[in-house]
Amino acid sequence: MSDAADDIRAGFCAIVGLPNVGKSTLLNRIVGRHLVAVSSKPQTTRDRIVGVHAIMLPDETPDRAQIAYVDTPGVQDGHGPLRRYMRDAAMMAASDADCVLVVIDATHRSGRTPDRLDQPDAAGLGDASRHKPVIVALNKIDRIPRPDLLPLMEAWANFTPDVVIVPISAQYGDNVDELERAVARKLPVGPRLFPDEMVTDRSPRFIAQEIIREQLYHQLGKELPYACAVLIEQWSDKTKDEIAIGAVIVVERDSQKGIVVGKQGARIREIGIAARQAVGAALGGKTVHLNLFVKVLEEWSRGEAGLRKLGYGEQGS
Ligand SMILES: Nc1nc2c(ncn2[C@@H]2O[C@H](COP(=O)(O)OP(=O)(O)OP(=O)(O)O)[C@@H](O)[C@H]2O)c(=O)[nH]1
Ligand SMILES: [Mg+2]
């Protein structure tokens, strides 16, 4: 049984929104680590991941909170099993959470007002958000003129009766503390959900795989990252500070393999150098020896079997 004196605000907050609005940038900012992949291309996130953060709530009772944020794929239209997997991941996170944090790209003229969530591709998201305590983060305010902000806040004021709206810059950290307090106030009071030292529910392997995949978004052309998945095949801790990782970049066709490898292996070498550094930093400053290979798994994203092989088979696994 929990001792009520130890009770805090504790619960799950699903971070949801359209693609590319800054959900993953926000989670990285909050946990103060490069935990999840971020890129300028939409549909970077494919899976749910939890990032846990504890905060103080001065002059409030309880005066502490432990928030389990769930980063989710951007909700988008489109067919095919991978898209479905991604949409389900977002919707399930929203329906399982204690509150929903809807992230909006305040610079995006046609995507920044509440009526956008009534359009068919996003209606499920709008609906899920309206059934929960909801906080709206108007993100990227570092890039909009100040006078644009007030009408935008007014537009969101009627989204739900108790909506809280917080303008932020996930990239630069503006107002993120205030946002966290607003989230915390929507959470139930009870015992903490996770041990104090826990930052994520995902393994270092999963994080490494995501950070390598992020490099593909950074270093490959427009379409190719969507045809790629990353599998960690070898993982051995050489010492406490040194790790050897063997990873496979899986593509859908031979022609794609050639592009990822590049002339005389130049491209894969570049990807490897950047990924090695990024994975090392994400794992807390470890020295990483990274071996990258490229394999073809014909049309992996079009069939359930291919998806399952690459870890996109079952929600919640
Ligand atoms: N100027 C500015 N750019 C931002 C901010 N937050 C995120 N971005 C940029 O927006 C782009 C998308 O960021 P992500 O965090 O990957 O967005 P996401 O919502 O997780 O995207 P998906 O996973 O694809 O749905 C990246 O280029 C970020 O650097 C911000 O506060 N200001
Ligand atoms: Mg993301």
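## Strand 5 and its neighbours

Strand 5 and strand 6 (residues 164-167) pair in the parallel sense, with 4 bridges between them. Two strands count as paired if DSSP finds at least two bridges between them. Helices (H or I, at least four residues) and strands (E, at least two) are DSSP runs, numbered from the N terminus.

This is a predicted model, in which local features need pLDDT of at least 70 and side-chain atom pairs count only at pLDDT 80 or more, while totals for chains, interfaces and linings use all residues. Residues are numbered from 1 along each chain as its sequence is written.

Strand 4 (residues 99-105) also runs parallel to strand 5, joined to it by 6 bridges. The chain passes from strand 4 through helix 3 (residues 123-130) to strand 5 in a right-handed β-α-β crossover. Right-handed means that, with the strands pointing away from the viewer, the path from the first strand over the helix to the second runs clockwise.

One bridge from each pairing is listed here.

Strand 5 (residues 134-139) is mostly covered, with 6 of its 6 residues buried. A residue is buried if 20 or more other C-beta atoms lie within 10 Å of its own, exposed if 12 or fewer, and partly exposed in between, with C-beta atoms placed from the backbone. Val-134, Val-136 and Leu-138 point one way, and Ile-135, Ala-137 and Asn-139 point the other way.

Technical notes. Chains lettered and ligands numbered in written order.
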